[in-house]
Amino acid sequence: MGKIVVSSNVSLDGVVQDPDGEEGYSFGGWFGRSGGKDLVEWQKVQLAEALAAQALLLGRRSDTWFATRWSERTGAWADRLSALPKYVVSATVEKPAWGNGVVLSGDPVQEVAKLAKAVDGDIVVYGSIQLVHALFEHDLVDELRLYVFPVVVGAGERLFPESWSSKPMRLAASQTVGDSLTSLTYRPVREN
């Protein structure tokens, strides 16, 4: 049975929007400015996460974003991400943009639940904020990995919007990455 793992870079105030500044958002670009030399250690953690993953689960826009930025990269991390099977949740595309992928075009909740039963191991979700919201809403997230960057962005799309209903989580692990980044792993508290 697979485990749905949401892995997200996030600012101290919960912003996930435009971390690299390439989307042109006025508050974007916080990733490199606040990560600095710690990004070398962050890359090692990200590589370990990719090596442990069995598949990637992405929304349509994140699939396109990764395809344009990662398809031509080389090295252990890029090679692993490119080699992983990719499942793209979309009602509008027929073929994923980022190689060896499958489009999940039916009901997203049912498709992801079936995927979790079919894949043995971590199914990692990068970006894909609309998909992430749907997964949390339907209690399909098994683990949340936050890579917290030491910056308050002040505005932008947050991992959890203000309208969000309460979702109890339990801290499963924490680690300092480099000098100032933090990796936090949470698991949902589920009633048995």
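Which residue takes a positive phi just after helix 6? That residue is D139, with a phi of about 55°. The structure is a predicted model, in which local features need pLDDT of at least 70 and side-chain atom pairs count only at pLDDT 80 or more, while totals for chains, interfaces and linings use all residues. Residues are numbered from 1 along each chain as its sequence is written, and side-chain values use heavy atoms, with hydrogens and water left out.

Helices (H or I, at least four residues) and strands (E, at least two) are DSSP runs, numbered from the N terminus. Within helix 6, the residues I129, L131, V132, H133, L135 and F136 are buried, a term that denotes under 20% relative accessible area with a 1.4 Å probe and protein chains only.

A cavity is a set of points, on a 1 Å grid over the protein atoms alone, where a 1.4 Å probe fits but cannot get out; a pocket is an open set with protein on both sides within 12 Å along at least five of seven lines; lining residues have an atom within 4 Å of a point. Grid points are joined across faces, edges and corners, and a volume is the space filled by probe spheres set on the points.

The largest pocket holds about 1,200 Å³ of space. Of the 44 residues in its lining, S62, W65, F66, G127 and S128 lie nearest its centre. Helix 3 gives the most to this lining, with seven residues, and the elements that supply at least two include strand 1 (2-11), strand 5 (121-126) and helix 6. By class, the lining divides into 22 nonpolar, 13 polar and nine charged residues.

The second largest pocket contains about 170 Å³. Among its lining residues are V45, E49, R145, Y147, S174 and T185.

Definitions and conventions:
Ala, Val, Leu, Ile, Met, Phe, Trp, Tyr, Cys and Pro count as nonpolar, Asp, Glu, Lys and Arg as charged, and the others, Gly among them, as polar. Buried means under 20% relative accessible area, exposed over 50%, partly exposed in between (1.4 Å probe, protein chains only).
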